[in-house]
Amino acid sequence: IRNTIQVSPSLVTFSPRWTSMLDELARTACEGMGIHQSSFRTELYKLLLYQEGGHFKPHQDTEKTVGMFGTLVVQFPSSFAG
């Protein structure tokens, strides 16, 4: 992970519409892996904001909380070359 600003979850507030969209995205991802809704929950560990030239490198996360099995990465559309 390079050129990022890390924001603590205590400083982040999502609108109800955004929260609903993230919940639906997580549900869809879990269903695709055969995980039923009642057996998972989502939790914001931290928000990473990538600066110009920054990127998310594929890697294996360490378990942040007991039972953690994945990381959801949301990338907004942006103009870029390359």
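Me: How many aromatic pairs does the rule give here?

Reply: Rings of Phe, Tyr and Trp (its six-membered ring) pair if their centres lie within 6.5 Å; planes under 30 degrees apart are stacked, over 60 edge-to-face, and the rest tilted. Here the count is one aromatic pair. Phe14 and Trp18 have ring centres 6.1 Å apart and planes at 45°, so this pair is tilted. A note on the source: this is a predicted model, where local features need pLDDT of at least 70 and side-chain atom pairs pLDDT 80 or more, while totals for chains, interfaces and linings use all residues. Residues are numbered from 1 along each chain as its sequence is written, and side-chain values use heavy atoms, without hydrogens and water.

Me: Which residues of α1 are buried?

Reply: Buried means under 20% relative accessible area, exposed over 50%, and partly exposed in between (1.4 Å probe, protein chains only). Helices are DSSP runs of H or I, at least four residues, and strands runs of E, at least two, numbered from the N terminus. In α1, Leu22, Ala26 and Cys30 are buried. They cover an arc of only 70° around the axis (taken from the directions from the helix axis to the C-beta atoms), which puts them on the same side of α1. The face turned away from that buried side carries the exposed Arg17, Glu31 and Gly32.

Me: And is Phe14 buried or partly exposed?

Reply: Phe14 has 33% relative accessibility, so it counts as partly exposed.

Me: What follows α1?

Reply: Gly34 does, and its phi is positive, near 80°.
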